[in-house]
Amino acid sequence: MVTRLDAPKHDLSSLRIDDAQRKHGNLGKRLALLIGGLILLAGLAAAVLAFRGRNPEVDVAVAQKPPVGGREALLNASGYVTPRRRATIAAKITGLVTGVYFDEGTHVREGQLLAKLDDSDARRALDSAKGDRDSTEATVHDYEVQLRNARITLRRTEQLQQAGIDTQEQLDNARTAVDSLQAKIDLVKTQVTTAEARIREAQQAVDNCTIVAPFDGIVVSKDAQIGEMVSPISAGGGFTRTGIATVVDMNSNEIEVDVNEAYIARVTAGQAVTAVLDAYPDWQIPSQVRTVIPSADRQKATVKVRVSFLKLDPRILPDMGVKVTFFGEEKHKEHSSAGPAGVLVPEIAVREDNGQKIVFLVKDNHAERRAVTLGSVRGGQAEIIGGLAPGDAVIVKGPPGLRDGQNVEVRK
């Protein structure tokens with residue numbers, strides 16, 4: 001066997017990483033981290049710039065023309081449209097809904113069928129009561145036939161007794177038979193009356209399975225579906241419905257506002273009011289105070305006032321937000337034929353700049369500075385007698401450093 005002395009030997013030292021290569025790898029990691037950090041900083045900077053680039057949001061109010069007649073605004077308040085007649089229709093009994101004959105927005109008439117419950121058990125009870133009544137009436141007819149025969153026997157016995165043929169005992173027995181049958185007939189007739197009462201009770205149970213509208217109105221909520229259980233009281237761990245529908249009489253819509261008790265002396269029944277719905281800020285609705293509720297809320301220090309619309313409109317819906325202005329007595333001014341001058345805006349929209357009264361308008365998403373002439377201020381409303389026109393959108397809430405010509409966005 002020949003051994004080669006020149007065969008290469010394995011050198012493990014050749015597997016070591018050179019210091020230059022190790023430093024080169026660390027440098028790559030550092031560069032990757034540095035680039036990632038720069039990308040993150042760039043993203044943050046872009047987000048900050050985008051946020052700073054957003055236009056400030058502002059709240060606006062529409063300048064409104066004061067009502068004709070020289071009435072002075074005494075007070076402003078906010079409230080909601082509430083119907084005097086709103087009913088949540090519920091069943092008188094617990095039952096399974098088998099029919100629903102309405103939907104939200106449906107106009108219903110008084111007595112119109114809204115829903116039906118399962119009445120199979122109630123109808124069986126009604127049929128049973130009718131059967132008892134018929135059976136009892138048949139017994140009455142049978143006793144009446146027997147009574148007619150007993151009276152014939154009584155007359156015959158009386159004649160025979162007068163002739164000396166029948167005894168007094170036989171006459172007494174005949175009279176007793178007549179009286180007994182008459183008593184039985186009276187008893188059975190009483191039972192017939194009781195059976196008819198049970199029929200009426202069973203019929204009421206059947207009628208309770210039918211839910212009808214209590215008055216003319218519009219369905220605003222559909223609270224039950226076919227297959228659900230309903231009950232006049234909460235039952236079944238919350239799985240049982242307690243109502244079928246909510247019906248509102250739109251002709252009873254009115255305004256309910258809370259007036260600070262410090263100003264309630266300015267409000268009287270029949271007082272003229274102008275209402276403006278939040279949904280239609282350019283629409284002034286003539287109204288008047290219907291009543292002042294004689295009770296105060298100690299928590300809010302307010303008194304509830306109800307205001308009636310002089311003319312209802314389909315656009316007026318329950319629970320709409322509304323702002324109302326209470327007016328004083330009508331003043332007869334000279335040149336009243338020219339109509340009222342100026343416009344009304346919220347008092348907080350008026351600012352002061354170097355001793356001059358100004359407001360900011362929104363024009364094409366830009367803030368426009370406008371000098372105005374201020375008239376009277378009452379009840380949170382400022383009368384602008386110069387510088388504004390009805391329909392101008394004035395800024396009532398915005399950034400503190402608002403400038404003329406600054407880009408703005410109207411808060412939705």
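Reply: A term first: contact means heavy atoms within 4.5 Å. The model is a predicted one.

Me: Which residues does R109 touch, not counting residues up to four places away in sequence?
Reply: R109 sits in the loop between β5 and β6 (113-117). With neighbours up to four places away in sequence left out, the residues that R109 touches are A213, F215 and D216.

Me: How far apart in space are R109 and P214, C-alpha to C-alpha?
Reply: In sequence, 105 residues separate R109 and P214. In space, the C-alpha to C-alpha distance between R109 and P214 is 8.2 Å.

Me: Is R109 buried or exposed?
Reply: Exposed means over 50% relative accessible area. The relative accessible area of R109 is 55%, so R109 is exposed.

Me: Which strands stand at the edges of the open sheet of four strands?
Reply: The order in this open sheet is β3-β10-β8-β5, and the pairing is antiparallel. An edge strand here has a single partner, so one side of it is left without a neighbour in the sheet. The strands at the edges are β3 (86-89) and β5 (107-108).

Me: Which residue of β10 stands opposite T88?
Reply: Strand β10 covers residues 245-248 and pairs with β3 in the antiparallel sense, over four bridges. The residue of β10 that stands opposite T88 is T246.

Me: Which residues touch the most other members of the largest nonpolar core?
Reply: The largest nonpolar core has 24 residues. Elements that give two or more residues to this core include β11 (253-260), β14 (302-309) and β15 (321-327). A second, separate core of 20 residues includes I89, F102, L114 and A245. In the largest core, the residues that touch the most other members are V259, V305, V324 and F326.

Me: Why does the salt bridge between D258 and K304 tie together separate parts of the sequence, and how many residues apart are they?
Reply: The side chains of D258 and K304 meet at 3.2 Å, N to O. D258 lies in strand β11 and K304 in strand β14, so the pair ties together parts whose separation in sequence is 46 residues.

Me: What is the relative accessibility of K304?
Reply: D258 has 30% relative accessibility and counts as partly exposed. K304 also counts as partly exposed, and its relative accessibility is 28%.

Me: Where does D278, the salt-bridge partner of K323, lie?
Reply: The side chains of K323 and D278 meet at 3.1 Å, N to O. The pair links distant parts of the chain, 45 residues apart. K323 is in strand β15, while D278 is in the loop between β12 and β13.

Me: With which residue does D313 form a salt bridge?
Reply: D313 counts as partly exposed at 24% relative accessibility. The closest N and O atoms of the pair are 3.0 Å apart, and the partner of D313 is R315.

Me: Which residues are linked with D258 and K304 in a network of salt bridges?
Reply: The structure holds 22 salt bridges. In the network that contains D258 and K304, the other linked residues are R84, E254, E256, R290, K300 and R306.

Me: What accessible area does the nonpolar surface patch with L38 have?
Reply: L38 is found in helix α1 (residues 19-52). The patch is formed by L31, L34, I35, L38, I39, L40, L41 and L44. Together they have an accessible area of about 820 Å².

Terms used. Residues numbered from 1 in each chain as written. Predicted model: local features only at pLDDT ≥ 70, side-chain atom pairs only at ≥ 80, totals over all residues. Heavy atoms only, no water. Patch = residues over 30% accessible without salt bridge, like charges linked within 9 Å, V, L, I, M, F, W, Y side chains within 5 Å. Areas by Shrake-Rupley, 256 points an atom, 1.4 Å probe, with all protein chains shown as cover. Salt bridge = Lys/Arg side-chain N within 4 Å of Asp/Glu carboxyl O. Pairing = 2+ DSSP bridges. Core = buried A, V, L, I, M, F, W, Y, C linked by side-chain atoms within 4.5 Å. Buried < 20%, exposed > 50% of the residue type's maximum accessible area, 1.4 Å probe, protein only.
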